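Hi,

Here is the model I promised to pass on.

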Amino acid sequence: MAENFDLFEIDQDFHKEELSLRNKVRAFLNDKIRDKIADWFEQGLFPREIPRLFGEQGLLGSTISGYGCLGTNYTGYGLIMQEIERLDSGLRSFASVQGALVMYPIFTYGNEEIKEAYLPKLASGEWVGCFGLTEAEHGSNPGNMTCQLEDKGDHLILNGKKKWLTNGSIADLAVIWAKNEAGKVCGVVVQTNSPGVEFKTIENKFSLRASISSEAVFQKVKIPKSHLLNVEGLKGPFSCLNIARYGIAWGSIGAAEDCLEVALNYSQNRKQFHDQPLCSHQLVQAKLVEMYTEINKAKLLNQRLGRLFDAGKAQAAQISMAKMNNVSKALGIARMARDILGANGITYEHSVSRHLLNLESVNTYEGTEDIHRLILGQHLTGVSAF
Ligand SMILES: Cc1cc2nc3c(=O)[nH]c(=O)nc-3n(C[C@H](O)[C@H](O)[C@H](O)COP(=O)(O)OP(=O)(O)OC[C@H]3O[C@@H](n4cnc5c(N)ncnc54)[C@H](O)[C@@H]3O)c2cc1C
């Protein structure tokens with residue numbers, strides 16, 4: 001069991017409710033999803049029943065109080081993300097976008113009318129949401145976006161294109177970031193059945209195959225003024241990304257733990273040379289120990305960051321460090337696990353190559369590894385190197 005990797009006994013520092021939430025989520029995912037995820041990945045399928053299943057378990061927007069949400073603390077939310085990504089980063093991506101990038105901005109910046117209209121439907125998984133910040137020509141620098149929002153007095157008009165929206169083609173609701181006439185970034189909540197909204201699924205992905213990625217076009221889309229979020233500037237989308245990045249820091253280590261568990265088990269059973277198991281060879285042990293060490297370090301970081309979040313003290317630089325470090329280490333761990341499995345590591349029989357390919361996307365989205373390095377470089381030196 002993965003708990004055995006807990007060398008520093010950090011489980012002792014989780015509250016009883018946090019541990020029971022983690023164990024409940026793990027048991028639910030093992031029972032309902034573990035057997036199916038490799039097939040979904042192979043088929044490039046995100047099953048439509050997932051949102052409702054996750055909603056029933058309270059996995060969507062869990063930190064929100066009321067509106068049908070679980071009302072966990074941030075440590076509990078982190079543990080939920082860790083358990084989902086232990087199975088697959090694509091499923092965690094769905095839950096991250098729905099919770100951190102759609103429900104969080106509606107809860108934080110929306111008026112009561114849209115909170116009541118949308119949050120319960122998103123919490124239950126009846127509705128799916130997506131988040132559009134990235135454009136084809138503006139990824140790491142969203143401040144240069146070209147999507148436009150015009151104020152027409154009693155309503156708003158949205159024009160432009162977005163790319164790489166997770167959940168896009170199946171979404172009922174989209175949180176879209178665009179510039180107003182004054183050039184300020186604003187967020188609007190768009191019902192995707194509005195005239196002028198079109199989504200197209202991005203096919204043929206190597207990575208996050210059990211997750212939907214889409215392009216979106218908005219042509220003269222009429223939006224009620226009540227659907228404008230009460231925040232201006234890039235701090236709007238960045239505040240949402242902070243919550244999602246924090247969840248990714250936890251999630252990526254769930255994937256890494258799964259890889260270590262598979263590699264350790266395999267190395268204890270597979271025999272090569274002198275009828276000895278792989279784990280009896282020093283070079284194999286060195287790899288296993290590196291995986292084990294990085295997982296324990298990352299989990300200590302996550303727990304500390306979770307407590308800072310729960311105390312309302314988490315800072316953007318801390319979140320950047322956790323996202324950058326943990327995803328990068330998880331990617332390295334997935335690679336080492338694949339190596340230990342030899343040829344068998346490239347098959348769907350084992351989860352390690354699926355995690356490896358998924359983590360390539362996780363390393364890129366929500367700020368690439370190098371963008372977080374630049375954020376931290378600026379924080380440390382006071383000099384921007386973007
Ligand atoms: C599967 C998937 C799902 C996604 N989901 C969403 C979503 O739901 N909503 C959304 O809005 N977006 C989403 N994205 C988009 C994602 O956030 C962007 O891909 C990411 O921000 C990087 O942008 P880019 O791909 O345009 O890369 P670029 O910005 O073109 O960067 C390419 C490379 O250049 C480097 N680079 C860029 N600028 C600098 C610099 N100043 N100095 C040094 N190096 C630099 C980067 O680190 C990277 O290595 C998703 C992406 C993927 C792959």
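Let me start with what I mean by a cavity: on a 1 Å grid over the protein atoms alone, it is a set of points where a 1.4 Å probe fits but cannot get out. Grid points are joined across faces, edges and corners, and a volume is the space filled by probe spheres set on the points. A pocket, on that grid, is an open set with protein on both sides within 12 Å along at least five of seven lines, and lining residues have an atom within 4 Å of a point.

Before the findings, two housekeeping notes. This is a predicted model, with local features needing pLDDT of at least 70 and side-chain atom pairs counting only at pLDDT 80 or more, while totals for chains, interfaces and linings use all residues. Residues are numbered from 1 along each chain as its sequence is written, and side-chain values use heavy atoms, with hydrogens and water left out.

Cavities

Searching the whole structure turns up two cavities of 30 Å³ or more. The largest cavity holds about 80 Å³ of space. It is lined by 13 residues, and the closest to its centre are Gly61, Thr63, Tyr77, Gly99 and Ala100. (Helices here are DSSP runs of H or I with at least four residues, strands are runs of E with at least two, and both are numbered from the N terminus.) By class, the cavity lining has eight nonpolar, five polar and no charged residues.

The largest pocket

The largest pocket has a volume of about 980 Å³. Its lining runs to 40 residues, with Thr134, Thr364, Tyr365, Glu366 and Gly367 the closest to its centre. Elements that give two or more residues to the pocket lining include β3 (129–132), β5 (155–166), α7 (235–269) and α10 (352–364). Here too α5 gives the most, with five residues. The pocket lining divides into 16 nonpolar, 19 polar and five charged residues.

Cores

Next, the nonpolar cores, meaning sets of buried Ala, Val, Leu, Ile, Met, Phe, Trp, Tyr and Cys residues joined through side-chain atoms within 4.5 Å. Buried is under 20% relative accessible area, exposed is over 50%, and partly exposed is in between (1.4 Å probe, protein chains only). The largest core has 85 residues, and those with the most contacts inside it are Ile33, Phe54, Ile106, Phe131, Leu158, Trp177 and Val190. Helix α5 (residues 89–109) supplies the largest share of this core, 11 residues. There is also a second, separate core of 31 residues, with Ala256, Tyr266, Leu331 and Val362 among them.

Which residues does Phe131 touch, leaving aside its neighbours within four places in sequence? With contact taken as heavy atoms within 4.5 Å, the list is Val97, Leu101, Val102, Leu165, Val175, Trp177, Pro237, Cys240 and Leu241.

Helices

Helix α1 (residues 16–32) has 17 residues and reaches 24 Å from its first C-alpha to its last, close to the 24 Å expected at 1.5 Å a residue. (The expected span is 1.5 Å times one less than the number of residues.) Its buried residues include Leu19, Arg22, Val25 and Phe28, and the buried residues of α1 pack against α3 (49–56), β2 (69–70), α4 (74–87) and α8 (282–310). As for α8, its 29 residues should span 42 Å, and its end C-alpha atoms are 42 Å apart, which agrees. Gly312 follows α8 and has a positive phi, near 70°.

A few single residues

Asn167, in the loop between β5 and β6 (173–179), has a phi near 75°, a positive value in a residue other than glycine. Asn167 is buried, with a relative accessible area of 2%. Glu9, in the segment before α1, also has a positive phi, near 55°, but Glu9 is partly exposed at 45% relative accessible area.

Ser351 sits in the loop between α9 and α10 and is buried at 10% relative accessible area. Leaving aside neighbours within four places in sequence, Ser351 is in contact with Asp258 and Val262.

Finally, His274 lies in the loop between α7 and α8 and is exposed, with a relative accessible area of 69%.

Cheers

Notes. Ala, Val, Leu, Ile, Met, Phe, Trp, Tyr, Cys and Pro count as nonpolar, Asp, Glu, Lys and Arg as charged, and the others, Gly among them, as polar.
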